Amino acid sequence: MKICRTRADLRDAVRGWKRAGTSVGLVPTMGYLHEGHLGLVRMAREKADRVVASIFVNPTQFGEAEDLDSYPRDEARDFELLQAEGVDAVFAPEVAEMYGAGGDTYVEVPGLSGILQGALRPGHFRGVATVVTKLFNIVTPDFAVFGEKDYQQLTLIRQMVRDLDMPLEILAHPTVREPDGLAMSSRNVRLSAEQRREAVALSRSLAAAEDLARTGADVAALERAVRDELAEAPSGKVESVDIRDAETLGPLSGPLDRPAVVLLAVRFGSVLLIDQRVVAPAS
């Protein structure tokens, strides 16, 4: 496995592979890998001749009050896990390598950047769109794999790729969960034992919404059911519960008549957990 610290090193490796006619898949990550990330790597491994994983904690997607400095990091362990999965190259640049001095260009998808999590975290999705565009330009993959857990991010990246005619495919991997249902996240290690027990309320609330959605229930009833279940986690502060069109993230009301995505954001102390599930009425 080749470890690339600079754009030039990574581009040299990819250029050689493409001259040989091989396909390249990209798995962007911020490191501190867990089984959820490795699921993305395995999907890429199945579909591409060569796989590049990136490890970069992107400062432009963190707000001033967010947890950039405390975001967990363990590069040596990450490298071991990726090598065991057969990754061909890891791109692990420093911030100065990714952004340099004097950079003043950003990428933004306004319609999706300012709603839902974007409204709670101003500038977050501009940072995501910019760094992902840079990764696509550096790696030039045939496809990239993203997890469905970050559903708004996935939707935004798909629209960005369509709108800017980027020559790659975006693949989605289902959310990977712990045995008790909690969505895997690098932030889970920062939960206290009590918070960790209570955090399972997120997946329970999504299961309740899924069951209710099959009946074609009213969207407002779905939200009430979700919030009732989340109330069983008293140490969690519910930041948002949103039920949106699963394709466009547009608002919904009245009886559910199409697939919808239930999006959750719950804060346990300083740890913000997100989760999602696509639900639909019975056909």
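Strand 2 and strand 3 run in parallel and are joined by six bridges. In this pairing, Gly-25 has Val-51 of strand 3 as its bridge partner. Keep in mind as you look around that this is a predicted model.

- Six strands make up an open sheet with parallel pairing, and their order is 1-4-3-2-5-6.
- Strand 1 (2-4) and strand 6 (169-173) are the edge strands; each has a single partner strand, so one side of each is left without a neighbour in the sheet.
- From one strand to the next, the twist averages 25°.
- Strand 3 is largely enclosed by the rest of the structure, because five of its six residues are buried.
- Strand 5 (residues 143-147) pairs with strand 6 over five bridges, again in the parallel sense.
- Within that pairing, Val-145 has Leu-171 in strand 6 as its bridge partner.
- As you trace a strand, remember that in a regular strand the side chains alternate between the two faces of the sheet.

**Helices that meet this sheet**

- Helix 7 (residues 124-139) lies across strand 2 (24-29), strand 3 (50-55), strand 4 (89-91), strand 5 and strand 6.
- The direction of helix 7 is at about 150° to strand 2.
- Helix 8 also packs on the sheet, where it touches strand 5 and strand 6, and its direction makes about 165° with that of strand 6.

**A closer look at helix 8**

- Helix 8 (residues 151-163) contains 13 residues and spans 18 Å from its first C-alpha to its last, close to the 18 Å expected at 1.5 Å a residue.
- Several residues of helix 8 are buried, among them Tyr-151, Leu-154, Leu-156, Ile-157, Met-160 and Val-161.
- The buried residues of helix 8 also include Gln-152, Gln-153 and Thr-155.
- Just after helix 8 comes Asp-165, which takes a positive phi of about 55°.

**Helix 1 against helix 7**

- Two packed helices are described by the angle between their axes and the distance between the axes.
- For helix 1 (residues 7-19) and helix 7, the angle is about 50° and the axes are 8 Å apart.
- Helix 1 and helix 7 are therefore oblique to each other.
- Helix 1 brings Arg-7, Leu-10, Arg-11 and Val-14 to the contact, while helix 7 brings Asn-137, Ile-138 and Val-139.
- Sorted by type, the residues of this contact are four nonpolar, one polar and two charged.

- Three strands form an open sheet in the order 7-8-9, with antiparallel pairing.
- Strand 7 (236-245) and strand 9 (271-279) stand at its edges with a single partner strand each, so one side of each has no neighbour in the sheet.
- Neighbouring strands here are turned by 15° against each other on average, direction ignored.
- Strand 8 (residues 260-268) and strand 9 run antiparallel and are joined by nine bridges.
- Leu-263 stands opposite Gln-276 in strand 9.
- Helix 11 (residues 219-230) packs on this sheet and touches strand 7 and strand 8, with its direction at about 155° to that of strand 7.

- Leu-272 belongs to strand 9.
- Its relative accessibility is 10%, so Leu-272 counts as buried, since the cut-off for buried is under 20%.
- Leaving aside neighbours within four places in sequence, Leu-272 is in contact with Gln-117, Arg-121, Arg-187, Glu-239, Ala-265, Val-266 and Arg-267.
- The C-alpha atoms of Leu-272 and Val-87 are separated by 30 Å, and the two residues are 185 residues apart along the chain.

Methods:
Residues are numbered from 1 along each chain as its sequence is written. This is a predicted model: local features need pLDDT of at least 70, side-chain atom pairs count only at pLDDT 80 or more; totals for chains, interfaces and linings use all residues. Side-chain values use heavy atoms; hydrogens and water are left out. Helices (H or I, at least four residues) and strands (E, at least two) are DSSP runs, numbered from the N terminus. The expected span of a helix is 1.5 Å times one less than its number of residues. Buried means under 20% relative accessible area, exposed over 50%, partly exposed in between (1.4 Å probe, protein chains only). Two strands pair if DSSP finds at least two bridges between them. Axes are lines fitted to C-alpha atoms, for helices over the stretch in contact, and angles run from 0 to 180 degrees between N-to-C directions. Contact means heavy atoms within 4.5 Å. Angles under 35 degrees count as roughly parallel, over 145 as roughly antiparallel, 65 to 115 as roughly perpendicular and the rest as oblique. Ala, Val, Leu, Ile, Met, Phe, Trp, Tyr, Cys and Pro count as nonpolar, Asp, Glu, Lys and Arg as charged, and the others, Gly among them, as polar.
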